[in-house]
Amino acid sequence: MKKFLVIQTAFIGDAILATPVLEKLNQFYPDSQIDLLLRKGNESLFGEHPFIKNLFVWDKKKGKYKALFSILKKVRKEKYDYVINLQRFATTGWFTCFSRAKTKIGFAKNPFSFCFDIKGDHKLEKGIHEVNRNLALIEDLTDSSFIKPKLYPSKQAFEKVKRYTEKPYICIAPTSVWFTKQAPQKLWINLINRLKHKYVVYMLGGKADFAACDLINKETEMRAVNLCGRLNLLESSVLMKGARMNYVNDSAPLHLTSSLNAPVRAVFCSTVEDFGFGPLSDDSKVIEVKEKLECRPCGLHGKKQCPLEHFKCGNNIDVNDLLFD
(Lines give C-alpha, C1' and ligand atoms only; values in the text may rest on other atoms or scores of the structure.)
Protein backbone atom coordinates (compact mmCIF):
# COMPACT_ATOMS: atom_id res chain seq x y z
CA MET A 1 0.00 0.00 0.00
CA LYS A 2 1.30 3.43 -0.99
CA LYS A 3 0.80 6.50 1.15
CA PHE A 4 0.28 9.87 -0.54
CA LEU A 5 -0.04 13.40 0.82
CA VAL A 6 -1.25 16.11 -1.55
CA ILE A 7 -0.63 19.74 -0.55
CA GLN A 8 -2.77 22.64 -1.76
CA THR A 9 -3.19 25.37 0.83
CA ALA A 10 -4.26 28.21 -1.49
CA PHE A 11 -7.82 29.37 -2.11
CA ILE A 12 -11.08 27.54 -2.82
CA GLY A 13 -10.63 27.38 -6.59
CA ASP A 14 -7.10 26.01 -6.22
CA ALA A 15 -8.35 23.29 -3.89
CA ILE A 16 -10.98 22.26 -6.43
CA LEU A 17 -8.39 22.17 -9.21
CA ALA A 18 -6.31 19.82 -7.06
CA THR A 19 -9.02 17.14 -7.09
CA PRO A 20 -7.98 15.59 -10.44
CA VAL A 21 -4.70 14.61 -8.77
CA LEU A 22 -6.65 12.86 -6.03
CA GLU A 23 -8.83 11.11 -8.61
CA LYS A 24 -5.87 9.95 -10.68
CA LEU A 25 -3.99 8.60 -7.66
CA ASN A 26 -7.05 6.68 -6.52
CA GLN A 27 -7.55 5.33 -10.02
CA PHE A 28 -4.02 3.93 -10.24
CA TYR A 29 -3.55 3.05 -6.56
CA PRO A 30 -7.02 2.08 -5.31
CA ASP A 31 -5.66 0.46 -2.15
CA SER A 32 -3.48 3.43 -1.22
CA GLN A 33 -3.86 5.98 1.56
CA ILE A 34 -4.50 9.43 0.14
CA ASP A 35 -4.40 12.44 2.47
CA LEU A 36 -4.79 16.15 1.81
CA LEU A 37 -3.33 19.28 3.40
CA LEU A 38 -5.36 22.44 2.77
CA ARG A 39 -6.06 25.82 4.32
CA LYS A 40 -8.77 26.37 6.91
CA GLY A 41 -12.03 27.32 5.24
CA ASN A 42 -11.70 24.83 2.40
CA GLU A 43 -12.23 21.66 4.41
CA SER A 44 -16.01 21.70 3.84
CA LEU A 45 -15.35 20.80 0.20
CA PHE A 46 -14.04 17.40 1.28
CA GLY A 47 -16.31 16.51 4.19
CA GLU A 48 -18.01 13.70 2.25
CA HIS A 49 -15.05 12.68 0.14
CA PRO A 50 -15.07 8.87 -0.30
CA PHE A 51 -11.36 8.07 -0.39
CA ILE A 52 -9.46 10.80 1.47
CA LYS A 53 -8.41 9.31 4.79
CA ASN A 54 -6.89 12.30 6.61
CA LEU A 55 -7.55 16.00 6.14
CA PHE A 56 -4.86 18.27 7.56
CA VAL A 57 -6.29 21.76 7.98
CA TRP A 58 -3.87 24.67 8.27
CA ASP A 59 -5.20 27.75 10.02
CA LYS A 60 -3.14 30.58 8.55
CA LYS A 61 -4.77 33.25 10.70
CA LYS A 62 -4.01 31.89 14.16
CA GLY A 63 -0.39 31.14 14.91
CA LYS A 64 0.34 30.48 11.26
CA TYR A 65 3.80 28.90 11.55
CA LYS A 66 3.19 27.24 14.89
CA ALA A 67 0.11 25.58 13.40
CA LEU A 68 2.05 24.42 10.34
CA PHE A 69 4.84 22.95 12.45
CA SER A 70 2.23 21.05 14.49
CA ILE A 71 0.89 19.53 11.27
CA LEU A 72 4.42 18.72 10.13
CA LYS A 73 4.99 16.59 13.23
CA LYS A 74 1.87 14.57 12.41
CA VAL A 75 2.91 14.23 8.78
CA ARG A 76 6.34 12.90 9.70
CA LYS A 77 4.74 10.14 11.76
CA GLU A 78 2.76 8.98 8.74
CA LYS A 79 5.97 8.17 6.81
CA TYR A 80 4.55 8.98 3.40
CA ASP A 81 5.85 7.37 0.25
CA TYR A 82 5.00 10.52 -1.72
CA VAL A 83 4.35 14.13 -0.82
CA ILE A 84 2.98 16.04 -3.81
CA ASN A 85 3.10 19.81 -3.43
CA LEU A 86 0.86 21.66 -5.89
CA GLN A 87 2.02 25.10 -4.77
CA ARG A 88 4.98 27.21 -5.79
CA PHE A 89 5.50 29.11 -2.56
CA ALA A 90 8.32 28.82 -0.06
CA THR A 91 6.32 27.80 3.01
CA THR A 92 4.86 24.63 1.53
CA GLY A 93 8.20 23.95 -0.19
CA TRP A 94 9.91 24.01 3.20
CA PHE A 95 7.17 21.78 4.59
CA THR A 96 7.70 19.29 1.77
CA CYS A 97 11.46 19.23 2.32
CA PHE A 98 11.07 18.38 6.00
CA SER A 99 8.15 15.96 5.58
CA ARG A 100 10.47 12.91 5.58
CA ALA A 101 8.58 11.51 2.58
CA LYS A 102 10.47 8.96 0.51
CA THR A 103 9.70 10.91 -2.67
CA LYS A 104 9.01 14.62 -2.79
CA ILE A 105 7.26 16.10 -5.83
CA GLY A 106 6.58 19.72 -6.74
CA PHE A 107 7.03 22.57 -9.16
CA ALA A 108 10.52 23.74 -10.10
CA LYS A 109 9.48 27.34 -9.39
CA ASN A 110 9.21 26.59 -5.68
CA PRO A 111 12.17 28.16 -3.81
CA PHE A 112 12.73 24.82 -2.04
CA SER A 113 12.55 22.69 -5.18
CA PHE A 114 16.23 21.82 -4.76
CA CYS A 115 15.14 19.11 -2.34
CA PHE A 116 12.34 17.73 -4.56
CA ASP A 117 12.94 14.36 -6.19
CA ILE A 118 10.56 15.06 -9.07
CA LYS A 119 10.10 18.58 -10.43
CA GLY A 120 7.58 19.90 -12.92
CA ASP A 121 7.27 23.08 -14.95
CA HIS A 122 4.52 25.59 -14.27
CA LYS A 123 4.24 27.47 -17.55
CA LEU A 124 1.43 29.83 -18.46
CA GLU A 125 0.83 28.75 -22.04
CA LYS A 126 -2.26 28.93 -24.22
CA GLY A 127 -4.24 25.72 -24.08
CA ILE A 128 -2.60 24.49 -20.87
CA HIS A 129 -4.99 24.39 -17.94
CA GLU A 130 -3.93 24.42 -14.29
CA VAL A 131 -5.29 20.88 -14.09
CA ASN A 132 -2.82 19.85 -16.81
CA ARG A 133 0.03 21.40 -14.85
CA ASN A 134 -1.00 19.60 -11.66
CA LEU A 135 -1.48 16.23 -13.34
CA ALA A 136 1.89 16.50 -15.05
CA LEU A 137 3.54 16.26 -11.62
CA ILE A 138 2.27 12.69 -11.20
CA GLU A 139 2.54 11.58 -14.82
CA ASP A 140 5.44 9.24 -14.01
CA LEU A 141 3.28 7.59 -11.35
CA THR A 142 0.11 7.37 -13.46
CA ASP A 143 -0.33 8.41 -17.11
CA SER A 144 -0.84 11.52 -19.22
CA SER A 145 -4.64 11.40 -19.49
CA PHE A 146 -6.80 14.34 -18.44
CA ILE A 147 -9.30 14.19 -15.58
CA LYS A 148 -11.74 16.94 -14.67
CA PRO A 149 -12.18 18.27 -11.12
CA LYS A 150 -14.64 16.32 -9.02
CA LEU A 151 -16.40 16.97 -5.71
CA TYR A 152 -18.72 14.71 -3.74
CA PRO A 153 -21.78 16.52 -2.31
CA SER A 154 -23.76 14.57 0.27
CA LYS A 155 -27.33 13.35 -0.07
CA GLN A 156 -28.25 16.00 2.50
CA ALA A 157 -26.88 18.68 0.16
CA PHE A 158 -29.15 17.49 -2.65
CA GLU A 159 -32.12 17.41 -0.27
CA LYS A 160 -31.47 20.92 0.99
CA VAL A 161 -31.50 22.54 -2.46
CA LYS A 162 -34.37 20.45 -3.81
CA ARG A 163 -36.95 23.08 -2.89
CA TYR A 164 -35.18 25.62 -5.08
CA THR A 165 -35.34 23.46 -8.19
CA GLU A 166 -39.08 23.16 -8.80
CA LYS A 167 -39.06 25.83 -11.54
CA PRO A 168 -36.45 26.49 -14.26
CA TYR A 169 -33.73 28.67 -12.81
CA ILE A 170 -30.36 30.25 -13.33
CA CYS A 171 -27.62 31.00 -10.80
CA ILE A 172 -25.46 34.11 -10.66
CA ALA A 173 -22.34 34.42 -8.50
CA PRO A 174 -21.59 38.10 -9.16
CA THR A 175 -18.83 38.86 -6.67
CA SER A 176 -15.10 38.35 -6.32
CA VAL A 177 -12.47 39.19 -3.74
CA TRP A 178 -10.76 41.29 -6.44
CA PHE A 179 -12.43 44.29 -8.07
CA THR A 180 -10.89 43.71 -11.50
CA LYS A 181 -12.10 40.10 -11.56
CA GLN A 182 -15.64 41.16 -10.80
CA ALA A 183 -17.99 42.08 -13.63
CA PRO A 184 -19.70 45.46 -13.07
CA GLN A 185 -23.04 45.43 -11.27
CA LYS A 186 -24.73 46.99 -14.30
CA LEU A 187 -23.95 43.85 -16.34
CA TRP A 188 -25.71 41.60 -13.85
CA ILE A 189 -28.64 44.02 -13.54
CA ASN A 190 -29.10 44.08 -17.32
CA LEU A 191 -28.83 40.30 -17.51
CA ILE A 192 -31.44 39.71 -14.81
CA ASN A 193 -33.80 42.17 -16.52
CA ARG A 194 -33.35 40.33 -19.84
CA LEU A 195 -34.12 36.92 -18.31
CA LYS A 196 -36.78 37.95 -15.82
CA HIS A 197 -39.73 36.32 -17.59
CA LYS A 198 -38.06 32.97 -18.19
CA TYR A 199 -36.30 31.87 -15.03
CA VAL A 200 -36.09 32.13 -11.29
CA VAL A 201 -32.78 33.82 -10.50
CA TYR A 202 -30.65 32.71 -7.54
CA MET A 203 -27.69 34.79 -6.40
CA LEU A 204 -24.89 32.81 -4.76
CA GLY A 205 -21.99 33.70 -2.50
CA GLY A 206 -20.89 33.78 1.11
CA LYS A 207 -22.28 35.88 3.94
CA ALA A 208 -19.89 38.68 3.02
CA ASP A 209 -21.43 38.84 -0.46
CA PHE A 210 -25.03 39.36 0.69
CA ALA A 211 -24.90 43.16 0.71
CA ALA A 212 -23.36 43.40 -2.78
CA CYS A 213 -26.01 41.07 -4.19
CA ASP A 214 -28.72 43.02 -2.39
CA LEU A 215 -27.55 46.21 -4.13
CA ILE A 216 -27.89 44.49 -7.50
CA ASN A 217 -31.30 43.22 -6.52
CA LYS A 218 -32.58 46.70 -5.69
CA GLU A 219 -31.85 47.87 -9.24
CA THR A 220 -33.54 45.02 -11.10
CA GLU A 221 -37.09 44.89 -12.37
CA MET A 222 -37.52 41.44 -10.85
CA ARG A 223 -36.08 40.54 -7.48
CA ALA A 224 -33.72 37.60 -7.53
CA VAL A 225 -33.50 35.23 -4.57
CA ASN A 226 -30.43 36.17 -2.55
CA LEU A 227 -28.98 32.93 -1.19
CA CYS A 228 -25.64 34.38 -0.10
CA GLY A 229 -24.61 32.77 3.17
CA ARG A 230 -27.52 30.32 3.12
CA LEU A 231 -25.81 27.52 1.19
CA ASN A 232 -22.34 26.12 1.75
CA LEU A 233 -19.96 25.42 -1.12
CA LEU A 234 -21.11 21.90 -1.88
CA GLU A 235 -24.78 22.85 -1.59
CA SER A 236 -24.14 25.71 -3.99
CA SER A 237 -22.49 23.33 -6.43
CA VAL A 238 -25.55 21.06 -6.34
CA LEU A 239 -27.85 23.99 -7.11
CA MET A 240 -25.55 25.03 -9.96
CA LYS A 241 -25.61 21.52 -11.38
CA GLY A 242 -29.38 21.71 -11.94
CA ALA A 243 -29.43 25.25 -13.32
CA ARG A 244 -30.29 26.05 -16.91
CA MET A 245 -27.22 28.29 -16.81
CA ASN A 246 -24.69 29.60 -14.30
CA TYR A 247 -23.02 32.99 -14.50
CA VAL A 248 -19.72 33.48 -12.70
CA ASN A 249 -16.54 35.54 -12.67
CA ASP A 250 -13.00 34.20 -12.87
CA SER A 251 -13.33 32.98 -9.28
CA ALA A 252 -14.17 29.95 -7.12
CA PRO A 253 -17.78 29.41 -8.35
CA LEU A 254 -16.37 28.87 -11.84
CA HIS A 255 -14.48 25.83 -10.58
CA LEU A 256 -17.52 24.58 -8.68
CA THR A 257 -19.30 24.31 -12.03
CA SER A 258 -16.37 22.37 -13.47
CA SER A 259 -16.48 19.90 -10.58
CA LEU A 260 -20.06 18.85 -11.38
CA ASN A 261 -20.05 19.57 -15.12
CA ALA A 262 -22.65 22.32 -14.72
CA PRO A 263 -23.40 24.71 -17.62
CA VAL A 264 -21.59 28.02 -17.23
CA ARG A 265 -20.83 31.38 -18.76
CA ALA A 266 -17.64 32.70 -17.17
CA VAL A 267 -16.95 36.44 -17.33
CA PHE A 268 -13.25 37.30 -17.55
CA CYS A 269 -12.41 40.96 -17.00
CA SER A 270 -8.78 41.80 -16.22
CA THR A 271 -7.58 38.18 -16.43
CA VAL A 272 -7.62 35.87 -19.45
CA GLU A 273 -8.41 32.23 -20.05
CA ASP A 274 -4.86 31.62 -21.34
CA PHE A 275 -3.62 31.74 -17.74
CA GLY A 276 -5.14 28.26 -17.42
CA PHE A 277 -8.08 28.74 -15.07
CA GLY A 278 -10.99 28.62 -17.49
CA PRO A 279 -14.18 26.53 -17.26
CA LEU A 280 -14.08 22.79 -17.97
CA SER A 281 -17.79 21.95 -18.21
CA ASP A 282 -19.09 20.51 -21.46
CA ASP A 283 -21.43 23.49 -21.84
CA SER A 284 -19.11 26.38 -21.06
CA LYS A 285 -18.11 29.66 -22.62
CA VAL A 286 -15.80 32.47 -21.62
CA ILE A 287 -17.31 35.95 -21.97
CA GLU A 288 -14.90 38.85 -22.37
CA VAL A 289 -14.60 42.26 -23.94
CA LYS A 290 -14.46 42.11 -27.74
CA GLU A 291 -12.05 44.98 -28.30
CA LYS A 292 -8.32 44.49 -28.01
CA LEU A 293 -7.07 46.29 -24.91
CA GLU A 294 -3.33 46.86 -24.60
CA CYS A 295 -3.69 46.90 -20.80
CA ARG A 296 -5.34 43.46 -20.65
CA PRO A 297 -4.38 41.32 -18.89
CA CYS A 298 -2.98 43.64 -16.24
CA GLY A 299 -1.69 40.78 -14.09
CA LEU A 300 -2.03 37.10 -13.22
CA HIS A 301 -4.27 37.90 -10.27
CA GLY A 302 -6.99 40.46 -9.77
CA LYS A 303 -6.43 43.97 -8.46
CA LYS A 304 -8.30 46.13 -5.97
CA GLN A 305 -8.90 48.76 -8.65
CA CYS A 306 -8.28 49.31 -12.34
CA PRO A 307 -4.72 50.65 -12.72
CA LEU A 308 -5.90 52.99 -15.50
CA GLU A 309 -9.19 53.84 -13.76
CA HIS A 310 -11.40 53.08 -16.78
CA PHE A 311 -12.04 49.33 -16.24
CA LYS A 312 -12.90 48.86 -19.91
CA CYS A 313 -12.30 45.11 -19.62
CA GLY A 314 -15.43 44.94 -17.46
CA ASN A 315 -17.48 47.97 -18.46
CA ASN A 316 -17.38 47.20 -22.20
CA ILE A 317 -18.69 43.63 -22.02
CA ASP A 318 -21.91 43.21 -24.00
CA VAL A 319 -24.80 41.67 -22.03
CA ASN A 320 -26.02 40.00 -25.25
CA ASP A 321 -22.96 37.74 -25.14
CA LEU A 322 -24.26 36.25 -21.89
CA LEU A 323 -27.58 35.07 -23.31
CA PHE A 324 -27.78 31.34 -23.95
CA ASP A 325 -31.13 30.78 -25.66
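Student: Which residues of α10 are buried?
Tutor: Buried means under 20% relative accessible area, with exposed over 50% and partly exposed in between (1.4 Å probe, protein chains only). Helices (H or I, at least four residues) and strands (E, at least two) are DSSP runs, numbered from the N terminus. In α10 the buried ones are Pro253, Leu254, His255, Leu256, Thr257, Ser258 and Ser259. That makes 7 of the 8 residues of this helix (252–259), so α10 is largely enclosed by the rest of the structure. Keep in mind that the model is predicted: local features need pLDDT of at least 70, side-chain atom pairs count only at pLDDT 80 or more, and totals for chains, interfaces and linings use all residues. Residues are numbered from 1 along each chain as its sequence is written, and side-chain values use heavy atoms, with hydrogens and water left out.

Student: What covers the buried residues of α10?
Tutor: The cover includes α1 (12–17), α9 (233–241) and the strands β7 (169–173), β10 (245–249) and β11 (264–267). After α10 comes Asn261, with a positive phi near 55°.

Student: How do I read the strand order around there?
Tutor: Strands of a sheet pair through backbone hydrogen bonds, either parallel or antiparallel. Two strands count as paired if DSSP finds at least two bridges between them. Here 6 strands form an open sheet with parallel pairing, in the order β9-β8-β7-β10-β11-β12. At the edges, β9 (225–226) and β12 (284–287) each have a single partner strand, so one side of each is left without a neighbour in the sheet. Further in, β7 pairs with β8 (200–203) in the parallel sense over 4 bridges, and Cys171 stands opposite Tyr202 in β8.

Student: Which residues have the most contacts inside the largest nonpolar core?
Tutor: A nonpolar core is a set of buried Ala, Val, Leu, Ile, Met, Phe, Trp, Tyr and Cys residues joined through side-chain atoms within 4.5 Å. The largest one has 55 residues, and Leu45, Phe46, Ile84 and Leu239 have the most contacts inside it. α9 gives the most to this core, with 5 residues. Another core, of 31 residues, lies apart from it and includes Ile192, Cys213, Cys228 and Leu322.

Student: And what does Leu239 touch?
Tutor: Contact means heavy atoms within 4.5 Å. Leaving aside neighbours within four places in sequence, the contacts of Leu239 include Val161, Tyr164, Cys171, Tyr202 and Leu231.

Student: How many cavities of 30 Å³ or more does a search of the whole structure find?
Tutor: On a 1 Å grid over the protein atoms alone, a cavity is a set of points where a 1.4 Å probe fits but cannot get out, and lining residues have an atom within 4 Å of a point. Grid points are joined across faces, edges and corners, and a volume is the space filled by probe spheres set on the points. The search finds 2. The largest has a volume of about 80 Å³, and of its 13 lining residues Cys295, Cys298, Cys306, Pro307 and Cys313 are the closest to its centre.

Technical notes: On a 1 Å grid over the protein atoms alone, a cavity is a set of points where a 1.4 Å probe fits but cannot get out, and a pocket is an open set with protein on both sides within 12 Å along at least five of seven lines; lining residues have an atom within 4 Å of a point.
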